[in-house]
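Below are some notes for a colleague who is looking over the model.

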Amino acid sequence: MILIRFKHTQEIKQAKFINLLILVDQDEKRQLVVVTDKPTAMNISATHEARKDPWARRLFLQRSALHVVMSLMPEEMKKLMFIHIDRIIDGQYQAHLVRRNAELNEPEHPLRISEAILLSLVADIPIYIDDHLWRIQSTPYNETSNGTTIPANTLPLPLLKSALKSAIENEQYEMAKILNDEINNRFPQE
């Protein structure tokens, strides 16, 4: 498993209600891009920024319902937990809250990926991703880049259709075929 962490959010200029969450590995060489809605991205970004200043952290996080719930959990218990991203289903990364040294038959606790990132920031719970998933989904990270690559298998339908239209208009037929195949595989009736 690869240890990753939230780095920042990024807006998509063509889609005002969709933002990206950028997670990076420890060396900040590669990134995982997660598509989410704008309010969730703003909440995660504000939580991340508040962590940088102890005074702001105390004020901001103590007002958060998630922080209140997590403050009831002993620190020793939080240290026994981690978040595990292990697959993609219907274009969404699947994350689970896992107890270290758990028995094989112990159930994992599923989380939406955005909830997992927020939980990681509030409770200092590490996020891990399977090596194989990291290899196929991550892209090179460049802090000074103006844009980022988003794997087609994680794009919502409106963005897939927009990207398909753009690829056809720009005569990028190979990309258009990939996007069309993704739409047909995930949304056969569309």
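1. Glu171 is an exposed residue, because its relative accessible area is 58%, over the 50% cut-off for that class. The model is a predicted one, and in it Glu171 has a positive phi of about 55° although it is not a glycine. Most residues other than glycine have a negative phi. The residue is found in the loop between H7 and H8.

2. Asp124 also deserves a look. Its phi is near 55°, again a positive value in a residue other than glycine. Asp124 sits in the loop between H5 and strand S7 (127-129). With a relative accessibility of 46%, Asp124 counts as partly exposed, since that class lies between the 20% and 50% cut-offs.

3. Helix H8 covers residues 173-186, and its length can be checked. At 1.5 Å a residue, its 14 residues should span 20 Å, and the end C-alpha atoms are 20 Å apart, so the two agree.

4. Which residues of H8 are buried? They are Ala176, Leu179, Glu182, Ile183 and Arg186. These residues cover an arc of only 125° around the axis, and therefore lie on the same side of H8. An α-helix has 3.6 residues a turn, so residues three or four places apart point the same way. Note that the buried set includes Glu182 and Arg186.

5. What do the buried residues of H8 pack against? Their partner is helix H7 (157-169). On the face of H8 turned away from the buried side are the exposed residues Tyr173, Glu174, Lys177 and Asn185.

6. A search of the whole structure for cavities of 30 Å³ or more finds 1. The largest cavity has a volume of about 40 Å³. Its lining is made up of Val34, Val35, Gly91, Gln92, Tyr93, Ile113 and Thr154. Strand S3 (30-37) and strand S5 (92-99) are the elements that give two or more residues to this lining. By class, the lining has 4 nonpolar and 3 polar residues, and no charged ones.

7. The second largest pocket holds about 220 Å³ of space. It is lined by 14 residues, of which Ile4, Arg5, Phe6, Arg51 and Ser120 are the closest to its centre. Two or more lining residues come from each of strand S1 (2-12), helix H1 (38-51) and helix H5 (113-123). S1 gives the most, with 4 residues. The lining of this second largest pocket divides into 8 nonpolar, 3 polar and 3 charged residues.

8. Is Lys7 buried or exposed? Lys7 is buried, because its relative accessible area is 19%, and the class requires a value under 20%. This lysine lies in strand S1. Leaving out residues up to four places away in sequence, Lys7 touches Ile22, Leu23, Val24, Glu28, His48, Tyr141 and Glu143. Among these contacts are Glu28 and Glu143.

Definitions and conventions. Residues are numbered from 1 along each chain as its sequence is written. This is a predicted model: local features need pLDDT of at least 70, side-chain atom pairs count only at pLDDT 80 or more; totals for chains, interfaces and linings use all residues. Side-chain values use heavy atoms; hydrogens and water are left out. The expected span of a helix is 1.5 Å times one less than its number of residues. Buried means under 20% relative accessible area, exposed over 50%, partly exposed in between (1.4 Å probe, protein chains only). The arc is that of the directions from the helix axis to the C-beta atoms. Contact means heavy atoms within 4.5 Å. On a 1 Å grid over the protein atoms alone, a cavity is a set of points where a 1.4 Å probe fits but cannot get out, and a pocket is an open set with protein on both sides within 12 Å along at least five of seven lines; lining residues have an atom within 4 Å of a point. Grid points are joined across faces, edges and corners, and a volume is the space filled by probe spheres set on the points. Ala, Val, Leu, Ile, Met, Phe, Trp, Tyr, Cys and Pro count as nonpolar, Asp, Glu, Lys and Arg as charged, and the others, Gly among them, as polar.
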